[in-house]
Amino acid sequence: MRRVAALLAHHPVLDQQGAVVTTAITNLDLHDIARSAFTFGLTDFFVAHPVAAQRELALRVREHWTTGSGARRIPDRKPPMECLRVVESLDAALEALGPAEIWVTSAKAANATRSYAEARKALAEPGPAVLLVFGTGWGLAPELSARAGERLEPIRSPRPDGFNHLSVRAAAAVSFDRLLGPP
């Protein structure tokens, strides 16, 4: 089984109009994605943000749950939050992770290169680590998506109207389960 890590990108991502923006880190994303990543055996959950003040916020949240009063009050939060790594960029995460393939996700079907079933099989084979990249806002900017070796198929809605707008927390949990959960 390959090593699998995840990255939540806050820049460059898109806004609703398609402009490249930087989004804010949210406490819920840190907690929920870290817990999902830990549950499914990911080795690291990177949060990438170019603004130092935002990285400091994420580090304070991590510290609260790993060494602060949160670790004493709710010890079950400590192990997942210990896998949280706060970095400036995708490149910083890759440097920390070592040789890795970049796989991205998207709610859009265009340019998907691999189904979850195919990706699950690929993870069972020997190979480099895989960094699953999730975008905030309205998705990854094209320059970030272009760096990916694989683009996973979207999580599709069964609704007849096609509504498909999961939170990044929910999309990450579904993706982790499909890739690494029990068969």
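The peptide bond between H11 and P12 is cis, with omega about -10°. Most peptide bonds are trans. The structure is a predicted model, in which local features need pLDDT of at least 70 and side-chain atom pairs count only at pLDDT 80 or more, while totals for chains, interfaces and linings use all residues. Residues are numbered from 1 along each chain as its sequence is written, and side-chain values use heavy atoms, with hydrogens and water left out.

Six strands form an open sheet in the order 5-4-1-7-6-8, with parallel pairing; two strands pair if DSSP finds at least two bridges between them. Strand 5 (84–87) and strand 8 (150–151) are the edge strands, each pairing on one side only. Five bridges link strand 6 (residues 100–104) to strand 7 in the parallel sense, and E101 has V130 of strand 7 as its bridge partner. Helix 8 packs on this sheet, touching strand 1 (4–9) and strand 7, and its direction makes about 155° with that of strand 7. Contact means heavy atoms within 4.5 Å; axes are lines fitted to C-alpha atoms, for helices over the stretch in contact, and angles run from 0 to 180 degrees between N-to-C directions.

Helix 8 also packs with helix 6 (residues 116–124): the two axes come within 8 Å and cross at roughly 60°. Helix 6 is therefore oblique to helix 8, given that angles under 35 degrees count as roughly parallel, over 145 as roughly antiparallel, 65 to 115 as roughly perpendicular and the rest as oblique. Y116, A119, R120 and L123 of helix 6 meet S175, D177, R178, L179 and L180 of helix 8. These contact residues comprise five nonpolar, one polar and three charged; Ala, Val, Leu, Ile, Met, Phe, Trp, Tyr, Cys and Pro count as nonpolar, Asp, Glu, Lys and Arg as charged, and the others, Gly among them, as polar.

The largest pocket holds about 770 Å³ of space. Its lining has 31 residues, of which T105, S106, A107, W138 and G139 are the closest to the centre. On a 1 Å grid over the protein atoms alone, a pocket is an open set of points where a 1.4 Å probe fits, with protein on both sides within 12 Å along at least five of seven lines; lining residues have an atom within 4 Å of a point. Helix 8 gives the most to this lining, with three residues.

Note on methods: Points joined across faces, edges and corners; volume = space filled by probe spheres on them. Helix = DSSP H or I, 4+ residues; strand = E, 2+ residues; numbered from the N terminus.
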